[in-house]
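Subject: Structure handover

Hi,

Here is the structure for your files.

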Amino acid sequence: MIGLKWHNIRLVIIVLLMVFLYSFSSKRNGSRALKEVNISFEGGTDNMFITHEMVNNLLKQNLGGSLSIQKDAVDLNTLETVLDDHGMIEKAEVFSTVDGSLNAHIKQKSPTVRFISDNTSYYIDRKGTTMPLSENFSARVPLVVGSYVEKDKDQYLSLFNEISDDDFLSKDITGIKILPSGSILMKSRNYDYTIIFGKPVFIDRKLKNYKAFFYHAIKDTLVKQYKEVNLMFTEQVVCKK
């Protein structure tokens, strides 16, 4: 009976000791000042719209103007929200390590087109959200003039994304004009003809037809005489000199 009581007392002592050590360790770790800030970008450091310095300044501004603060005073969720709200950032992950480092992993937005109007210019990313221009890097994407109604947004985004995802189309299509009717005209980097796309329907079929036309057209010297390439008829491509 005595042995059983001693066994229970020993277990209690061990548990209390573990709690004390954990509490001491947590308090010591929390009181440790941030040692450094590590910023990384998904996909590497090519084509950076936002720089390490810009991210560092955002973090510093929301840490009271200094990175020399205790770890337990850092609100990681707030820092993530601040970075996520930046117009060039799609997603940010912020976390600290035991050694006192603050880490921020950044995924930039991926622009597909650049809208241009009389008094403003901005990118549209893959999800259809706006993205400001960057002084650090300019994306090589089609320039778009005109506008679409919100209810048809997904159709236009599908077209923009398909062009962006295709190696040939992303290099060939340099301009997109959205007419008041909702129909689309496009310009080629390689030739002077206008591509009449029509409404953003049967997108995949029309783009495949255009790529097939281009593949055969470059073998024909007459392609330089074409003024229009009409993709509105999904069964064929109609050209006009």
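This is a predicted model: local features need pLDDT of at least 70, side-chain atom pairs count only at pLDDT 80 or more; totals for chains, interfaces and linings use all residues.

Residues are numbered from 1 along each chain as its sequence is written, and side-chain values use heavy atoms, with hydrogens and water left out.

Helices and strands are DSSP runs numbered from the N terminus (helices: H or I, at least four residues; strands: E, at least two).

L59 first. L59 sits in helix 2 (residues 52–61). Its relative accessibility is 1%, so L59 counts as buried (under 20% relative accessible area; exposed is over 50%, partly exposed in between; 1.4 Å probe, protein chains only). Beyond its neighbours within four places in sequence, L59 contacts V37, L79, L83 and A104 (contact: heavy atoms within 4.5 Å).

Next, helix 4 (residues 153–165). Its 13 residues should span 18 Å at 1.5 Å a residue, and its end C-alpha atoms are 18 Å apart, which agrees. The expected span is 1.5 Å times one less than the number of residues. Buried residues of helix 4 include Y156, L157, F160 and I163.

Last, the strands. Strand 4 (residues 111–116) and strand 5 (residues 121–125) run antiparallel, joined by five bridges. Pairing needs at least two DSSP bridges between two strands. A four-residue hairpin links strand 4 to strand 5. V113 has I124 as its bridge partner in strand 5. Strand 4 also runs parallel to strand 7 (residues 143–145), with two bridges. There, R114 stands opposite L143.

Best wishes
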